[in-house]
4 protein chains.
Amino acid sequence: VARLQQQLDVTRKLSLTIVKPLQAEDFVVQPIEDVSPPKWHLGHTTWFFEQFLLQPFLPNYKPFHADFSFLFNSYYESVGKRVLRGTRGNMTRPSTKEVLNYRAYVDEHLQLLFESDVAQDEWMPLIELGIHHEQQHQELLYADIKYILGHNPLFPAYALTSIEDGLSTGPHGTLDISEGLYTIGYQGDGFHFDNEKGVHQVFLSKARVNQGLISNGEYLEFLQQGGYRQFEHWLSEGWTWVQQGNTKPLYWHEVEGEWMEYGLSGLQALNMEAPVKHISFFEADAFAAWRGKRLLSEFEREVLNEKLSNGQLWEWTQNAYLPYPKFDKAPGAIGEYNGKFMINQMVLRGGSIATPTGHYRASYRNFWHTHHQFQFTGIRLAEYC
Amino acid sequence: VARLQQQLDVTRKLSLTIVKPLQAEDFVVQPIEDVSPPKWHLGHTTWFFEQFLLQPFLPNYKPFHADFSFLFNSYYESVGKRVLRGTRGNMTRPSTKEVLNYRAYVDEHLQLLFESDVAQDEWMPLIELGIHHEQQHQELLYADIKYILGHNPLFPAYALTSIEDGLSTGPHGTLDISEGLYTIGYQGDGFHFDNEKGVHQVFLSKARVNQGLISNGEYLEFLQQGGYRQFEHWLSEGWTWVQQGNTKPLYWHEVEGEWMEYGLSGLQALNMEAPVKHISFFEADAFAAWRGKRLLSEFEREVLNEKLSNGQLWEWTQNAYLPYPKFDKAPGAIGEYNGKFMINQMVLRGGSIATPTGHYRASYRNFWHTHHQFQFTGIRLAEYC
Amino acid sequence: VARLQQQLDVTRKLSLTIVKPLQAEDFVVQPIEDVSPPKWHLGHTTWFFEQFLLQPFLPNYKPFHADFSFLFNSYYESVGKRVLRGTRGNMTRPSTKEVLNYRAYVDEHLQLLFESDVAQDEWMPLIELGIHHEQQHQELLYADIKYILGHNPLFPAYALTSIEDGLSTGPHGTLDISEGLYTIGYQGDGFHFDNEKGVHQVFLSKARVNQGLISNGEYLEFLQQGGYRQFEHWLSEGWTWVQQGNTKPLYWHEVEGEWMEYGLSGLQALNMEAPVKHISFFEADAFAAWRGKRLLSEFEREVLNEKLSNGQLWEWTQNAYLPYPKFDKAPGAIGEYNGKFMINQMVLRGGSIATPTGHYRASYRNFWHTHHQFQFTGIRLAEYC
Amino acid sequence: VARLQQQLDVTRKLSLTIVKPLQAEDFVVQPIEDVSPPKWHLGHTTWFFEQFLLQPFLPNYKPFHADFSFLFNSYYESVGKRVLRGTRGNMTRPSTKEVLNYRAYVDEHLQLLFESDVAQDEWMPLIELGIHHEQQHQELLYADIKYILGHNPLFPAYALTSIEDGLSTGPHGTLDISEGLYTIGYQGDGFHFDNEKGVHQVFLSKARVNQGLISNGEYLEFLQQGGYRQFEHWLSEGWTWVQQGNTKPLYWHEVEGEWMEYGLSGLQALNMEAPVKHISFFEADAFAAWRGKRLLSEFEREVLNEKLSNGQLWEWTQNAYLPYPKFDKAPGAIGEYNGKFMINQMVLRGGSIATPTGHYRASYRNFWHTHHQFQFTGIRLAEYC
């Protein structure tokens, strides 16, 4: 319990640390539907604890504000009405200050819950889920803050030093996977999401996998040799996406003939050694095709997890995000956590620089739609042999 | 000159007074393309003086920031590139504080211009234009602030007392216009916009005009008797607009069977005596048809101006916003002020509670598209007789 | 009566003559919402007679098919449900042959009505309206057929000789209008639409009007001198329309450096002497601005009607399509004929080569939205003096 | 060779047989982008033979018409420009008659190719591909014809007897699959598509599979018990799709309280015993969730293929359409056949009543997007055990 309480404390504080460099105005906006205002993330992660912990378990708990459930619910249909996702950025009230008060209020009451007589085995798993839920939003916070500042014509820096410093492709060699049956899915007894459950056997073919991620230099070569003008590398939907004007990684800018990249510390010359990031599945797949290679399967990535460097960039895999055999969602609102998104998205593995310490696991399954570039995504290649 | 300098001072200060009740977050957002962030209005009105006064006329003037011309240009094609209108609400930087610094910087340099030797007849007309330009944005500020707060699920008040207090329909009688030729257009020698020029004769038929505006109670009757369900009152495009879900004035809400209205001081019971406001041309026209009456022509409104109460609500007229005979736009960027919008909009007359003192004239022509509800608009009826 | 019966006969036959050169497939399609399938026009004009003449007036009339009222109603809300306009082109059934049977059936029963004892003064005005309604659709038929064939990659000809042969700009001189009051609106006792009624006085300024229409050669000069790249000539909404890719008259094509025009007799070299046609209001207005002139008002055009050549191209005027003073729409479905479209469209005058003989009058008011190019539209210039 | 020549003959004739009941108008329209005009299918399948067989292999072959490659190319980027997919329905020319002439011309020249000295091993595989390509379009022809007639307000019948007669759910029992490794992919030496290649091992869990398809009666129960109003059964994107108004199988209609279904022989009372058809993946998945079951995997379906009835309805599987290990696309245009569509679609197995005889195989992988209803799709359930 004490460890969990401390983990909760660390996690709750980290969210505040992440938003510290922001100015008041940065907390509010939502430039595209997928990018939520930082203020909203702060409120929503707090709402999760109020909704699923304090309201059901803490005796006599009085909600901070009657309307906040409506304001900060993200997608839980079971929990009632909610603000339409695309209009989060219009909500100037409650102010950031009020949201911070909401956080403090809920944090205090969570302490009361820890000190209470309520049977721990009922609510402890939900505290743990709440922590991991907030960690996921911390990763989103970094991506969304970067989007908001990186799409401002002034290209303001978030901070002079950041999680992006020291990002590296890793070693240049390859690793082999032998043909055979492998066990996939979470097998321990620690925390894990329902989408990792359903341990099962998967048969893999012999394959060779790159130890390093693809670098900016390598990706620039693809671009400069016409990669975005040659349909033959692209999936049909990817080619349509390119025709709509997507012809470079999200934060690359060609300024007077020189390639620059916007990073959390501002606009800078493109670092050719660093791994290419903020690319869509379409781009990762086209790059692999151009190279005559392929992306890894999520199972290969899981099997090799200990031998590869993690926590750099989320690596697009060639797998659709679908349920494992015997996947079964939890009853009630918590059951909406993962299962209902298992369609038309691709799995990413490996964690990223924006992933909080301790959040990632070998069996962890991240997922995004094929056109999304705004997460910290990269490319790792493989081939059958 | 001294009078102008004082008028400038009053106007510049009024903008700051209007935004005083706002919280930091309220300055940033743009819930729909037509509603600009308050911060943007503060910057844009300042940019106008920098662009058209300080840069051309003040010797050795150094712009406050190289990028602000790009950031705060609204629609002047002549002046170069600009931020796309629909993305104003994504610009969290410059902060409101920086924009206020920008205002102070420009205000100081305008003082220097007043004190300089530069020939006054060249720049004084542009100062005057800048003042009237800022006054127009003050009216927009009220409308946009109301939209931002009035679309927040918490319905926060802007201020306990506001320009909306004391709004009234005016007397109940009618006024007659005799058939004959009338002279239309601005004939004085004071400030006026180019769209009022082109003094010309217009022949009017005999008509009878309501002295009062239509009240909320009268409009509610239209609604409750099925006005929004009966196609026969509506223009074809208006009926399409109704089918899209527009079935009441913008800030009306039916809460548990009772009609409420959001106003600058919060959500309150609908005041049946007050004039109906925030309605589109489509609604004004349909209401008139339902009553077997019609809207005034802009010429009738101009002729009767002194006999009618002004400064309550902008009154939709039955005239399209088109150039007067011999209208000629100024050369250069200033020529983009009015002329290029003379299509597919309708004229409004009368001024409103949000119109700054001294801004309105009998010959003043306001204009909006037929579906817009977010301005302070109302209904005055007439009939031929 | 006999004259009317003959006029009906001529009109009903003309529709069939117009579609004679078409192949079976040409009757069905609707490439854009504004362009209806020829088969639909044949059915709809017939439905008008069945709906407003045979059903109310011919004793014991049995409708040809129970569903045809639903299928061929265009926009009359009073008459009940109807096929959505945009889906007319999906209706492969009834076949053209069935529609022709429908026409024959209704024509026969109209003869019975002529031979019947039913009081003539009740239905004769509606026969007349039906004739003029069908004439309007004959003009649309030409425009729609041209659109369908002219947007086919094979550019098939409609016919070797057509209404487009012999089109000319007319003489080169100018005509003057004196300042003063003029009477506007239909004053005779023949057929006219409700939108021409409301005879009233209009005061016109002194003006000089071109006798001839603008030629292809003149318009090409505008294009080649950068007219579509210079924002200063365009209304703001027009400039947006240009940015969307509209940079030439509808049927102009640059083929290997040479300007061609698709006409009803196929793709041919652009005839520099012929009047420019198929242009939008935005283009007409921008061309006038580029020339330092203006379009005529609809009142000037009406006053000068006898002195100008008519029946060449519909001339965009500078007037919005709005009701005349004392305009009053008829009760019931017939009242939906004109009035409800009196918003956000511009008036055209003059008639065109596609207008059936006898259909046009000096007081005739045609109207289209500002972006429409697909009608037989042209440019006549004027200036104040 | 003789067998292939006969197969070609049978296939080419079958296309004509399918369109025989159509009227001239039915050949032209494209009510939604996914539904192509029957005329286009006839031209496109012919173009395939001209493009890939006659032009490269038949000496001195003269194309039927210079523009037909542009007109009838579907999606082959390698082959040059093409008519945009969404505008196929605007092409009234060439007429159906000309397209039939095109078919005859190409058929004759294919005979010449058979009689020629050109080395058979080069072109025979492409003839075979052309046959299977045309068979795929025959299935589409049925679906598209049904869509065109089934969306006509008159609900015309295609034919009194059709492929839909005698459709049945099959037996009611279940079949078991044992846990273990199975070999997947095409292993014979006959014709197969590239997407079936890459024979590989797949580990399956123990499962129980329904022998019969879900019936209309069973599906109606889902609908009547609120299946379309209960979010908990639906994937998130599926629920969005339901909110857009999709609340029943494509051709179901509730007419005065009774459920009817449009079929190729017209509108009829819903047959409760027949299998439910024309449902989207979202519906199949939600139905399975409501029942506490799941859809089969494509591998289970392949393993059980001989024990299940085929050729009834395409069964949605729970697998995304992705490449098998070692999948490699052919060079050139033929390589665009399958691979580039391997994203964001789901696999269907089992064949349907619209699938031509001999076209389906155990390893056959059909694929559609998750919202598509217009194919002959059904539901088979399974569960782990």
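This is a predicted model: local features need pLDDT of at least 70, side-chain atom pairs count only at pLDDT 80 or more; totals for chains, interfaces and linings use all residues.
Trainee: Which surface serves both copies?

Mentor: Contact means heavy atoms within 4.5 Å. For chain A, 100% of the contact residues recur in chain B, and the same surface serves both.

Trainee: How is chain B laid on chain C?

Mentor: By a turn of 180° and a shift of 0.0 Å along the axis, with an RMSD of 0.0 Å. The two copies are thus related as by a two-fold rotation axis. In chain B, B:Asn344 comes closest to this axis, with its C-alpha at 2.5 Å. The copies meet through the same surface, because 100% of the interface residues of chain B are also interface residues in chain C.

Trainee: Which chains do not touch?

Mentor: Chain B and chain D; their nearest C-alpha atoms are 14 Å apart. Chain A and chain C also have no contact between them, and their closest C-alpha atoms lie 15 Å apart.

Trainee: What conventions apply?

Mentor: Residues are numbered from 1 along each chain as its sequence is written, and chains are lettered from A in the order in which they are written. Local features need pLDDT of at least 70, while totals for chains, interfaces and linings use all residues.

Conventions: Side-chain values use heavy atoms; hydrogens and water are left out. Copies are superposed by least squares on the C-alpha atoms of residues with pLDDT of at least 70 in both.
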